[in-house]
Amino acid sequence: MQTTEVGQNSEIKQVIGSLCMMNNRFMNFMLDDNKKAAQVFLRVILGDDKIKVRNVRIQSFIQNIYGHSSQLDILAQDSKGRYFNVEVQRSDEGAPARRARFYSSILDTHFLQPGKLYEELPDTYVIFITENDVLHDNLPLYNIRRRIDENAKCFEDGSRIIYVNSQRRDNTALGKLMQDLYCTEPKNLHYHEFAERMEFLKYSKEGEEKMTDVIEEYAARKAEALAKEAVKKATKEAAKKAEEKEQANRIELAQGLLADGMSIEFTVRHSKLTEAEVRELASKLSA
């Protein structure tokens with residue numbers, strides 16, 4: 001029993017040790033109420049070192065009574081009243097253009113209170129940090145704003161969508177930030193604002209307890225994988241038994257046909273056995 005617990009604890013530590021900020025849940029823990037870390041993200045991505053984060057929340061659920069609701073990974077507000085939604089997407093399917101459009105619209109409907117003027121609608125930024133270059137132009141950053149087709153001028157409605165390509169990990173400020181997203185050791189991080197939180201989460205008892213749901217999620221995925229493997233194995237065994245039974249039925253049929261004097265060719269055709277198998281049965285019957 002004790003050996004099992006030691007093994008489980010070791011496995012848990014390995015799981016925690018392997019986590020990086022490209023893991024959505026770990027990113028949430030890294031930025032939860034961590035204004036300094038969120039500030040680094042926004043300053044580097046937007047190229048503005050004057051951004052001051054007022055508050056940051058994770059897993060913010062925005063209810064839409066008329067349609068699809070959303071749960072935002074990270075929602076921050078700065079001192080100018082601007083809102084920033086940061087989403088980490090490892091799957092290309094999780095970052096389609098229309099999802100970004102929807103998130104932008106749901107921020108608008110949520111933050112414009114009844115009776116307020118449209119001019120009071122805050123600026124919003126929806127930022128997708130993607131594992132792959134989902135827009136396929138090999139750019140480190142894609143800044144997306146509406147524009148007027150006829151004169152190519154920006155239509156300044158206060159909404160921005162930004163895609164960050166985490167594959168571009170060069171020695172620029174943004175590249176170093178992307179390197180940090182894949183870093184698993186606090187000592188190797190470029191930005192010290194992340195190091196203290198990662199050290200706490202990975203190497204303290206309190207941090208480990210805080211990440212209980214990450215461990216539970218890992219355990220659930222592992223249990224699901226084991227269950228799928230068990231089903232696969234059971235299916236394979238059932239298929240094997242079914243084939244063995246079917247082969248026994250074919251042999252029994254062939255034996256009956258041969259005993260009734262049917263030809264080798266006739267028996268092969270109707271029993272679905274090979275000619276070699278039928279001839280072997282015939283030799284046994286005549287022995």
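User: Which residues does Phe194 touch, not counting residues up to four places away in sequence?
Analyst: Bear in mind that this is a predicted model. With that said, Phe194 touches Met21, Met30, Ala37, Val40, Phe41, Leu177, Asp180 and Leu189, leaving out residues up to four places away in sequence.

User: And which residues touch the most other members in the largest nonpolar core?
Analyst: Phe194 is one of them, along with Phe41, Ile45, Ile127, Ile129, Leu177 and Leu181. That core has 46 residues.

User: Which helix gives the most to this core?
Analyst: Helix α3, residues 35-46, with 7 residues.

User: What does the second core include?
Analyst: The second core is separate and has 14 residues, including Leu75, Tyr103, Leu107 and Phe128.

User: How far apart are the C-alpha atoms of Ala195 and Asp180?
Analyst: They are separated by 9.7 Å, with the two residues 15 apart along the chain.

User: Which elements give two or more residues to the lining?
Analyst: Those are α4 (97-111) and β6 (159-165). Helix α4 gives the most, with 6 residues.

User: How does the lining of the largest pocket split by class?
Analyst: You get 8 nonpolar, 5 polar and 6 charged residues.

User: Arg146 came up there. Which residues is Cys154 in contact with, leaving aside neighbours within four places in sequence?
Analyst: Cys154 is in contact with Arg146, and with Arg145 and Arg147 as well, once neighbours within four places in sequence are left aside. Cys154 has its place in the loop between β5 and β6.

User: Is Cys154 buried, exposed or partly exposed?
Analyst: Cys154 counts as partly exposed, at 37% relative accessibility.

User: Where is His136 found?
Analyst: In the loop between β4 (124-130) and β5 (141-144). His136 is exposed, with a relative accessible area of 63%. Asn138 is found in the loop between β4 and β5 too, and phi of Asn138 is positive as well, near 55°.

User: What follows α9?
Analyst: Lys272, whose phi is positive, near 70°.

User: Which residues of helix α9 are buried?
Analyst: Helix α9 covers residues 264-271, and its buried residues are Ile264, Thr267 and Ser271. Looking down the axis of α9, they fall within an arc of 65°, so they line one face of the helix.

User: Why would that spacing put residues on one side?
Analyst: An α-helix has 3.6 residues a turn, so residues three or four places apart point the same way.

User: And which residues does Ala254 touch, not counting residues up to four places away in sequence?
Analyst: Ala254 touches Thr267 and Ser271, plus Leu273 and Leu281, with residues up to four places away in sequence not counted. Thr267 and Ser271 are among the buried residues of α9. Ala254 has its place in helix α8, residues 212-259.

User: Is Ala254 buried or exposed?
Analyst: Ala254 is buried, with a relative accessible area of 0%.

User: How far apart are the C-alpha atoms of Ala254 and Arg57?
Analyst: They are separated by 73 Å, and the residues are 197 apart along the chain.

User: Last one. Where is Asn171 found?
Analyst: Asn171 is in the loop between β6 and α5 (173-181). Asn171 counts as exposed, at 67% relative accessibility. Asn171 touches Lys176 and Gln179, not counting residues up to four places away in sequence.

Conventions:
Residues are numbered from 1 along each chain as its sequence is written. This is a predicted model: local features need pLDDT of at least 70, side-chain atom pairs count only at pLDDT 80 or more; totals for chains, interfaces and linings use all residues. Side-chain values use heavy atoms; hydrogens and water are left out. Helices (H or I, at least four residues) and strands (E, at least two) are DSSP runs, numbered from the N terminus. Ala, Val, Leu, Ile, Met, Phe, Trp, Tyr, Cys and Pro count as nonpolar, Asp, Glu, Lys and Arg as charged, and the others, Gly among them, as polar. Buried means under 20% relative accessible area, exposed over 50%, partly exposed in between (1.4 Å probe, protein chains only). The arc is that of the directions from the helix axis to the C-beta atoms. A nonpolar core is a set of buried Ala, Val, Leu, Ile, Met, Phe, Trp, Tyr and Cys residues joined through side-chain atoms within 4.5 Å. Contact means heavy atoms within 4.5 Å.
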